[in-house]
Amino acid sequence: IYPILWSPDGTALAFTQIDADANVADVYVISREGTNLRQVYRGAQASRLAFSPDGRFLLVEDSTAQGDQLFVVDMETLESRLLGAPGLRLDVRQVMPAWQK
């Protein structure tokens with residue numbers, strides 16, 4: 001289980017459970033009390049996590065067939081999508097996600 005990350009308000013914990021044999025990494029979020037465990041993302045090697053300052057989104061760095069990429073998970077809907085921005089090439093390695101206010 002790695003990495004482990006507290007939400008900005010301290011009410012939830014996000015972590016990745018990696019099964020190297022199956023080449024699968026599942027990202028979960030659980031409440032501080034140890035209840036309400038939810039799987040929020042499944043990938044190959046979800047190695048870094050970063051909550052948005054308001055805790056509404058979770059950035060996940062994952063290794064895909066296209067290389068290391070960033071995905072954003074909406075914590076309300078649990079929908080995930082590849083993070084893209086003008087001028088950001090998707091075929092270039094994207095690592096060490098962080099939010100800035």
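Visitor: Let's start with the loops. Where does Asn 36 sit?
Guide: This is a predicted model. In it, Asn 36 is in the loop between strand E3 (24-31) and strand E4 (38-43).

Visitor: Is Asn 36 buried or exposed?
Guide: Asn 36 counts as exposed, because its relative accessibility is 55% and the cut-off for exposed is over 50%.

Visitor: And what is the phi of Asn 36?
Guide: Near 60°. That is a positive value in a residue other than glycine.

Visitor: OK, Leu 78 next. What is its phi?
Guide: Leu 78 has a phi of about 65°. The value is positive, although Leu 78 is not a glycine.

Visitor: Which loop holds Leu 78?
Guide: The loop between strand E7 (67-74) and strand E8 (80-82). Leu 78 counts as partly exposed there, at 31% relative accessibility.

Visitor: Switching to Asp 74. Which strand is it in?
Guide: Asp 74 is in strand E7.

Visitor: Buried or exposed, this Asp 74?
Guide: Asp 74 is buried, because its relative accessible area is 12% and buried means under 20%.

Visitor: What does the Asp 74 side chain pair with?
Guide: The side chain of Arg 56. The two make a polar contact of 3.3 Å.

Visitor: Which residues does Asp 74 contact, leaving aside neighbours within four places in sequence?
Guide: Arg 56, Phe 57 and Glu 79.

Visitor: Last topic, the start of the chain. Is the peptide bond from Tyr 2 to Pro 3 cis or trans?
Guide: Cis, with omega near -5°.

Visitor: Where does Pro 3 lie?
Guide: Pro 3 is in the segment before strand E1 (4-6).

Note on methods: Residues numbered from 1 in each chain as written. Predicted model: local features only at pLDDT ≥ 70, side-chain atom pairs only at ≥ 80, totals over all residues. Heavy atoms only, no water. Helix = DSSP H or I, 4+ residues; strand = E, 2+ residues; numbered from the N terminus. Buried < 20%, exposed > 50% of the residue type's maximum accessible area, 1.4 Å probe, protein only. Polar contact = N/O pair within 3.5 Å; in protein donor to acceptor, adjacent residues only side chain to side chain. Contact = heavy atoms within 4.5 Å.
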